[in-house]
Amino acid sequence: MWQQQILQSLPHAIAQLPDRQRKVVCWRYYDELPFEEIAGILDIEAATARSLLRHGLNNLRKQTQPNPCCPD
């Protein structure tokens, strides 16, 4: 049940990410672009693109964690 809630909240959570994090998450997972291509689009280093993805995923985890105070 909680997995379904996470999937339903994911589009909103992605929309709440900072601009560059949102772009990197979408390009990497929806468009399946390699980090080198993402870096070229954003005019950044590939390592920076990886870092933006990591931070974006961490933010998504925080936003979509099930609330232990309110069980299903």
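At 62% relative accessibility, Lys62 counts as exposed, where exposed denotes over 50% relative accessible area, buried under 20%, and partly exposed the range in between (1.4 Å probe, protein chains only). Lys62 is found in helix H4, and its C-alpha atom lies 9.4 Å from that of Ala13, although 49 residues separate Lys62 and Ala13 in sequence. The model is predicted, so that local features need pLDDT of at least 70 and side-chain atom pairs count only at pLDDT 80 or more, whereas totals for chains, interfaces and linings use all residues. Residues are numbered from 1 along each chain as its sequence is written, and side-chain values use heavy atoms, with hydrogens and water left out.

The protein chain contains 4 helices and 0 strands; helices (H or I, at least four residues) and strands (E, at least two) are DSSP runs, numbered from the N terminus. The order of elements from the N terminus is α-α-α-α. Of the 72 residues in the protein chain, 28% are buried. Contacts are defined by heavy atoms within 4.5 Å. Among those between residues at least 6 apart in sequence, 57% join residues at least 24 apart.

A nonpolar core is a set of buried Ala, Val, Leu, Ile, Met, Phe, Trp, Tyr and Cys residues joined through side-chain atoms within 4.5 Å. The largest such core holds 17 residues, and Val24, Ile38, Leu42, Ile44 and Leu60 touch the most other members. Two or more residues are given to this core by each of helix H1 (2-15), helix H2 (19-29), helix H3 (35-42) and helix H4 (46-64). H4 provides the largest share, 5 residues. Beyond its neighbours within four places in sequence, Ile38 is in contact with Val24, Trp27, Arg28, Leu33 and Ala49.

In H3, the buried residues are Phe35, Ile38, Ala39 and Leu42. These residues line one face of the helix, because they fall within an arc of 100 degrees when seen down the axis of H3; the arc is that of the directions from the helix axis to the C-beta atoms. The cover over the buried residues of H3 includes H2 and H4. On the face turned away from the buried side of H3 are the exposed residues Glu36 and Gly40. Asp43, which follows H3, has a positive phi, near 60 degrees.

The buried residues of H2 are packed against H3 and H4; Gln21, Val24, Val25 and Trp27 are buried in this helix. Gln21 has a relative accessible area of 11%. Its side chain makes a polar contact (a pair of N or O atoms within 3.5 Å; within protein, one must be able to donate a hydrogen and the other to accept it, and residues adjacent in sequence count only if both atoms are side-chain atoms) with the side chain of Asn59, at 2.8 Å. Not counting residues up to four places away in sequence, Gln21 touches Leu52, His55, Gly56 and Asn59.

Thr64 lies in helix H4 and is buried, with a relative accessible area of 12%. A polar atom of the Thr64 side chain lies 2.7 Å from the backbone oxygen of Leu60. With neighbours within four places in sequence left aside, Thr64 is in contact with Ile6, Ser9, Leu10 and Ala13.
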